[in-house]
Amino acid sequence: MSNFDPTADNSNYRSRRNREPFDSSSEQAGMMDYVKKVFNNYANFSGRARRSEYWYFQLFNFLVVIALSIPLIAFAAAEATAPAIIVYILIVLYALATIIPSLAVVARRLHDTGRSAWYYLISFIPFVGGIILLIFLVEDSKHGTNQWGPNPKSIGNQDFEPDAFG
């Protein structure tokens, strides 16, 4: 049985987990804040990334590719090859510009779940590798610190010792 009282002040209540206090300061970041954070950590493969940082970056990439693909499709349908080639070049340049940040945020996300970034290679296993990686990326952060640093949610970091892992 749960001892949840709907009339009480429940500002620190997390219905999803009900096991740690809610830190409202960490939930104030929006999509663009997380996207900026990923691009600011462009080639940083160490540390940890929250689920929201990873998934907002993936959503941003998806929206940019869709926004660039619409004119490409329109120009291709109109048989305007010169503008279509220019838009295609923009898509390729964007893809090249985001390869390293995408790999870095996946590595940091895997670190946040307590796994090495080498687990990304599991995606090369046909059929099941991508599903396993997706499960790893959807998983919640491991509480407290691990060898890649403190929890970005600040949950369980009270006993963090920077020299504990090397």
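Modeller: Keep in mind that this is a predicted model. Let's start with lysine 37, which is partly exposed, at 35% relative accessibility.
Biologist: Which side chain does lysine 37 meet in a salt bridge?
Modeller: Lysine 37 pairs with glutamate 53, at 3.7 Å from N to O. Lysine 37 sits in helix α1 (residues 31–40) and glutamate 53 in helix α2 (residues 51–77), so this pair ties together parts that are 16 residues apart in sequence.
Biologist: And is glutamate 53 buried or exposed?
Modeller: Glutamate 53 is buried, with a relative accessible area of 1%.
Biologist: New topic: what does arginine 51 pair with?
Modeller: Arginine 51 forms a salt bridge with aspartate 140, 3.4 Å from N to O. That pair links distant parts of the chain, 89 residues apart: arginine 51 belongs to helix α2, while aspartate 140 is in the segment after α4 (129–138).
Biologist: How accessible are they?
Modeller: Aspartate 140 has 17% relative accessibility, so it counts as buried because the cut-off is under 20%. Arginine 51 has 21%, which makes it partly exposed.
Biologist: Where do arginine 109 and aspartate 112 lie?
Modeller: Both are in helix α3 (residues 81–112), 3 residues apart, or about one turn of the helix.
Biologist: Last one: how many salt bridges are found in the whole structure?
Modeller: The search finds 7.

Terms used
Residues numbered from 1 in each chain as written. Predicted model: local features only at pLDDT ≥ 70, side-chain atom pairs only at ≥ 80, totals over all residues. Heavy atoms only, no water. Salt bridge = Lys/Arg side-chain N within 4 Å of Asp/Glu carboxyl O. Helix = DSSP H or I, 4+ residues; strand = E, 2+ residues; numbered from the N terminus. Buried < 20%, exposed > 50% of the residue type's maximum accessible area, 1.4 Å probe, protein only.
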